[in-house]
Amino acid sequence: MTGLARRHPDAVAVIALTLLPCVIFAHALWPGRVLSPADILMTFPPWASLAPGLLAANPLQSDVAFMFDPWLIYAGRAVASGHFPLWNPYAFAGAPFFANPQTALLFPLTWLAYVLPATLAITLIMVLKLSVAGVGVYAFLRLLAVRPLISAVGAVSFMLNGALVMWLGWAVGSAMAMLPWLFAASEWLRQRSSRRAVAALALAVAVSIFAGYPQITAVALLVTGAWALVRAPATRRPWSFLGAWASGAVIGGALAAVQILPFLEYLGESAVYAYRAQWMPVMAAPPRSALALLMPGYFGSATGRDYWGYFNPNEIAATVGVVPWVALPAAIVGAWRGPGTRFFLGLALVAAVLCYDTPGVTGWLGALPPFSFVITFRMVVFFAFALSVLAALGLEALATASPEVRRRMERAVRWSVVALAALTCVLVVQDYPIFVRGGLVYATAAQYVLFLVLLAVATLAALAPAGSRAAWLLLAAQVAVLAPTAATENPAIASSLFYPEPPAITHLRARSDPHERVVLGAGKNLGVLYGLREVAGYDGLTPHRVEHLAGPRRESWLLASGSIDVTVDAASPVFDLLAIRRVIVSRGTAALPAHVVADYDGRDARIVTNSRALPRAFLVARARCANDQDALRLIRDAEVDLRHEVVLSGCLTPPPGVAELGVAHVAFTVDEAERVRLTTESDGPAWLVLSDTWFPGWQARVDGVPQPVGRADYAFRAVALGAGRHDVEMTYAPRSVRDGLMITLVASGVVGALLVPRRRARAAALTVLALAASVLAAALPAVAATLPEAPLNVGVPSTLHEGRDAAVTFEASDSPRGGVPFDVYVIRIPSRQPVLRYLSSTGMWTLEPTPWQRHRSVATPTSQIASWREDGPAGFITLLVVFVRPGASPGDRNEWLFRPVIGRVSVRPAAAAGRGVFAGVLGLVTLATCALVLQVRVRRPEKG
């Protein structure tokens, strides 16, 4: 093997990097296992009856269990049945499926779900994401002339970094894995300057977009473009290279137009986009959270159920092992003028400022596009990538430097490691009272000692003479540090726990009409697996009209991307309009309306039937026109009889109808995802109302003649009919998909044309650019009006202390805005248990939404203090100050009047006995490690 590695180092490295994740997840590849958090279902009824007492291995991966894995299964079934899934009829009363980029239907790894069993496909997709990331970094570093073994160290550092392994089951993990390929393609283009390299860059851009997380991809393209600008002066023809890079990026965007245009169309109908356009918080972590970079389990974990850090472990996970911290000083000292060192150092600093709250800088930088569209926690992947590249550059510099430069690098490495160890020791000792309360003293001490041992080993191995086998020790150290997190935070469960069907679901499937809707309780989004139609749903975008109608009490706090539950009252006519016939309810549910009767009472769940529910499709005789605001009010206040009259949007005067229909029959003949066919019969003019979500792209034909699809009852569809029998067909054929597909096909031709004479390729590229620019400009959604700043300067403390008084201060700003009164809420969001608490005017924290101050106005005294006694627990919290209309719910973003104020707060613990002993022991271990690092010199063994 050694000889093979010497003859074909790159091939061996690529194979090894591809297989390494398979070794790490070997337990998940065993028959009868699947890499999925679907065991989370066993903690909710009715699935809980199938495995009583089971605790989910990683409860934080609910997005994967309720959204990403069910989507993959649905897509696989759809393709297997012979159609491409454009629409999801099982959530939100129907919603775009392909248009949501997070479904990632065109991402190459997703294709495995189209040809393999679901359990194997889902497992391989997650495993291969790591392989894709590792091989991409290796390719990029080799293009930078880094040695194969050192390139492998950098590749392992990134492919197993904390951010990627924690987000492995999400679409954002796919986008993270594609980041190094954008750099590799850009660098290959700079070196080769060939049309084939332009095509490679275009493919890398397109696949990155198909990965499914456009925010990260947009930032990645910006950063890669900056890399191209930095590298251009080192190119023989800089302007030609930059033009080729721009052409490759444009062609790549055009290749992905079939995904981009439908996404932009959905964005215009998205509640999440509207809310985030109003206000998007800069989600940075307190600087102390950076300890997780050095010790992955320092703040605990979701799987261990002992997490005490900020927000949640997924958001602060970013460790890249110990080697990058050892090699970073060498890169700065010995490779400062080398290719990429200053660029990646700058990238690391910008990403660090965005991820770790830096007063006066983070908020300003995070508010700039494109960072303002990203959950800034996720920028940590750029930090991890930069550190991984810098590690390789530093190790390469150590291996190739002259004796004098190497001595300077060695001094920098040794003293930097000593400083890092000392600083870490101080921070760990400060947290001793938290460890005492959580019973974590010995576990944390052991983790810290292990960190020091690995740090010392990595230091001595990095400083070993060039040509020794110490680089293998660096590689082993990285795998030893990073692999356990990847293997344990992504649960492998028994296939029997992978979306089983409990008796209650079997009952629903047997008793429910396939055209009616149900409420699955906690199982929202899972109707897609069982063929059950829901109004609830979760897809990260959310059709805004369905939300307003079905979930009027939905709370959307920091990120506004949570699921929709049906919160409308069961006694309301709106509940009946939604065609909800059967509901899974908890046994402790309060008394239900008389028309909601028991249907099933089993060991696993209780199901009730709404006998008053309207059919999903019905005829009405009368119509009235109203704007959206009036339509929503008329429907919510029951000022219109929805069984006999429809409220139409976008019209001035509806056609005249009749008072009542004597004959009104509707029957489904086809009820597929993208095609619905009905037969109707009425004795007078009527409106066919279908309570499926209205969305651009739905077309109707009545007896074969095209007919407009009106928006009915605020969120649904209606078609005008004459008297008599009719055949009505509705199909989903959005123009955004057609236009996008046209651009994609033209761009595909351009990629092929890059192999023919230069003039034709240039003309084709210009054609693609013109098509893409015109269609994208027409498709861009309007941006919702942003919230104005509050007429107050709010002071939120960054640090609180247990047992002491704490306060948020309010002072009038120099130029007050707004004369309307408002309620002020001070809200506490803990990290460990997401139970909101509200500060009352008496200084007490309550579970009920209670304003700290009611009906405040600019006339209120200029300076006020919201104070309380801080009782802990120690750790991290978020304080949010919200300004809403008097009497409105603070969780309803539609009622917010001004931009909220957010504070990331560290709650420091009270003193605890034994801290001196703890500090002494850790201090001695740290001193011993520092002495070892400073004194030991590794020499090459003498030959012969």
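Strands are DSSP runs of E at least two residues long, numbered from the N terminus. In this predicted model, D871 is found in the loop that lies between strands β28 (863–869) and β29 (875–884). With a relative accessibility of 63%, D871 counts as exposed, the cut-off being over 50%. The C-alpha atom of D871 is separated by 9.4 Å from that of V907, a residue 36 places away along the chain.

An open sheet is formed by 5 strands in the order β13-β14-β20-β16-β17, with antiparallel pairing. Its edge strands, β13 (664–671) and β17 (705–707), each pair on one side only. On average, neighbouring strands of this sheet are turned by 25° against each other, direction ignored. Strand β14 (residues 675–682) is joined to β20 (residues 724–732) by 8 bridges, and the two run antiparallel.

The largest nonpolar core has 319 residues, and the residues with the most contacts inside it are F344, F382 and Y499. The helix giving the most to this core is α20 (residues 380–400), with 16 residues. Leaving aside neighbours within four places in sequence, F382 is in contact with L179, I216, V219, A220, V223, L347 and A351. A second, separate core has 23 residues, including V794, L800, I877 and L879.

T341 lies in helix α18 (residues 341–355). T341 has a relative accessible area of 1% and is therefore buried, the cut-off being under 20%. The side chain of T341 reaches the backbone oxygen of A335 at 2.5 Å. Beyond four places in sequence, the residues in contact with T341 are A331, A335, W336, L390 and L393.

Two further helices were examined for length and burial. Helix α12 (residues 238–255) has 18 residues, which at 1.5 Å a residue should span 26 Å; the end C-alpha atoms are 26 Å apart, so the two values agree. The buried residues of α12 are F241, L242, A244, W245, G248, A249, I251, G252, A254 and L255. An α-helix has 3.6 residues a turn, so residues three or four places apart point the same way. In α12, F241 and W245 are among the buried residues, as are G248 and G252.

Helix α7 (residues 148–159) has 12 residues and reaches 16 Å from its first C-alpha to its last, close to the 16 Å expected at 1.5 Å a residue. Of these 12 residues, 10 are buried, so α7 is largely enclosed by the rest of the structure. The buried residues are I150, S151, A152, V153, G154, A155, V156, S157, F158 and M159.

How values were computed:
Residues are numbered from 1 along each chain as its sequence is written. This is a predicted model: local features need pLDDT of at least 70, side-chain atom pairs count only at pLDDT 80 or more; totals for chains, interfaces and linings use all residues. Side-chain values use heavy atoms; hydrogens and water are left out. Two strands pair if DSSP finds at least two bridges between them. Helices (H or I, at least four residues) and strands (E, at least two) are DSSP runs, numbered from the N terminus. Axes are lines fitted to C-alpha atoms, for helices over the stretch in contact, and angles run from 0 to 180 degrees between N-to-C directions. A nonpolar core is a set of buried Ala, Val, Leu, Ile, Met, Phe, Trp, Tyr and Cys residues joined through side-chain atoms within 4.5 Å. Buried means under 20% relative accessible area, exposed over 50%, partly exposed in between (1.4 Å probe, protein chains only). Contact means heavy atoms within 4.5 Å. The expected span of a helix is 1.5 Å times one less than its number of residues. A polar contact is a pair of N or O atoms within 3.5 Å; within protein, one must be able to donate a hydrogen and the other to accept it, and residues adjacent in sequence count only if both atoms are side-chain atoms.
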